[in-house]
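Have the sequence and the model open while you read.

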Amino acid sequence: MNQMKLVILDRDGTVNEDRDDFVKSPEEWVPLPGALEAIARLNHAGWHTVLATNQSGLGRGLFDMASLNAMHARMNQMLAKQGGRIDAVFFCPHAPEDQCECRKPLPGLMLQIGERYGVDLKSVPMVGDSLRDIQAGAAAGCPTHLVRSGKCAPLDDGQVADIVRKVPGTQVHDDLGAFVDALIQHERQLRGLSGETDSGFGRFD
Ligand SMILES: [Mg+2]
Ligand SMILES: [Zn+2]
């Protein structure tokens with residue numbers, strides 16, 4: 001099977017700076033160092049990138065759809081300058097009490113992505129900075145990758161190990177740039193080889 005190369009990224013704390021009071025406007029959408037360049041490198045290596053993000057600020061009335069669209073327009077403008085692009089943003093607009101099926105750690109967003117692109121999620125790495133990201137990824141069958149930015153930035157090695165223990169098989173990277181380095185290097189190593197791999201990046205055909 002030849003399928004599209006796709007990576008699912010969390011947004012806040014993975015691509016841009018997280019804020020305790022929510023990212024509410026384009027001005028508050030500030031990329032993490034190296035993150036946009038990392039996405040561009042992924043794209044250049046043939047990977048499509050989509051976001052899967054909880055945006056409960058919508059459900060809580062902290063910002064509206066126009067603001068969310070403006071944030072993503074700014075993001076794609078900044079990315080375009082680096083030669084990269086996010087193909088689509090899948091978001092959960094609900095507040096926790098809405099009990100929806102798309103709010104991570106539930107896998108709803110990943111399943112939507114799998115359906116939209118017709119991909120086997122076993123070959124789609126999911127990258128995030130919090131336990132609920134990798135729980136959502138794992139529940140959907142994605143290989144999971146934790147980055148030590150955002151929510152993970154203040155954690156020590158033991159605390160990160162505690163998170164990983166809850167989602168076995170998760171690989172840990174310093175940041176999105178380090179994840180991209182590892183993915184591209186892994187792909188290079190596989191070139192010329194065939195068969196299954198269980199390296200945590202999924203299977204490339
Ligand atoms: Mg996050
Ligand atoms: Zn939802």
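Phe22 sits in the loop between strand 1 and helix 1. Helices (H or I, at least four residues) and strands (E, at least two) are DSSP runs, numbered from the N terminus. The phi of Phe22 is positive, near 75°, although the residue is not glycine. Phe22 counts as partly exposed because its relative accessible area is 27%. The classes are buried under 20% relative accessible area, exposed over 50%, and partly exposed in between (1.4 Å probe, protein chains only).

Gln99 belongs to the loop between strand 3 and helix 4. Its phi is also positive, near 50°, in a residue other than glycine. Gln99 is exposed, at 69% relative accessible area. Pro105 lies in the loop between strand 3 and helix 4. The peptide bond between Lys104 and Pro105 is cis, with omega about 20°. For context, most residues other than glycine have a negative phi, and most peptide bonds are trans.

## Basis of the values

The model is predicted: local features need pLDDT of at least 70, side-chain atom pairs count only at pLDDT 80 or more, and totals for chains, interfaces and linings use all residues. Residues are numbered from 1 along each chain as its sequence is written, chains are lettered from A and ligands numbered from 1 in the order in which they are written, and side-chain values use heavy atoms, with hydrogens and water left out.

## Magnesium site

Which residues coordinate the magnesium ion (ligand 1)? They are Asp10 (OD), Asp12 (O) and Asp129 (OD), at 2.1 to 2.2 Å. Donors are N, O and S atoms within 2.8 Å of the metal (3.2 Å for Na, K and Ca); water is not among the atoms, so sites may look incomplete. The donor residues are spaced D-x1-D-x116-D in sequence. Asp12 lies in the loop between strand 1 and helix 1, and Asp129 in the loop between strand 4 and helix 5, so the pair ties together parts that are 117 residues apart in sequence.

Asp12 is buried, with a relative accessible area of 14%. Asp129 is buried at 2%.

## Zinc site

The zinc ion (ligand 2) has Cys92 (SG), His94 (ND1), Cys100 (SG) and Cys102 (SG) as donors, at 2.0 to 2.3 Å. Along the chain their spacing is C-x1-H-x5-C-x1-C. The arrangement is tetrahedral because the four donor atoms subtend angles of 99 to 118°. Four donors count as tetrahedral if all angles lie between 85 and 135 degrees.

Cys92 is buried, at 0% relative accessibility. Cys100 is buried at 16%.

## Helix packing

Helix 1 (residues 35-44) and helix 3 (residues 65-82) have axes that come within 9 Å and cross at roughly 65°. Axes are lines fitted to C-alpha atoms, for helices over the stretch in contact, and angles run from 0 to 180 degrees between N-to-C directions. Contact means heavy atoms within 4.5 Å. Helix 1 contributes Leu36, Glu37, Ile39, Ala40 and His44 to the contact, and helix 3 contributes Met78, Leu79 and Gln82.

Helix 4 (residues 108-117) has Gly108, Leu109, Met110, Ile113 and Gly114 as its buried residues. Their cover includes strand 1 (6-9), strand 2 (48-54), strand 3 (88-92), strand 4 (126-128) and helix 5 (131-139). Gly118 follows helix 4, with a positive phi near 60°.

Technical notes:
Four donors count as tetrahedral if all angles lie between 85 and 135 degrees; four count as square planar and six as octahedral if opposite donors are over 155 degrees apart and all others between 65 and 115; anything else is irregular.
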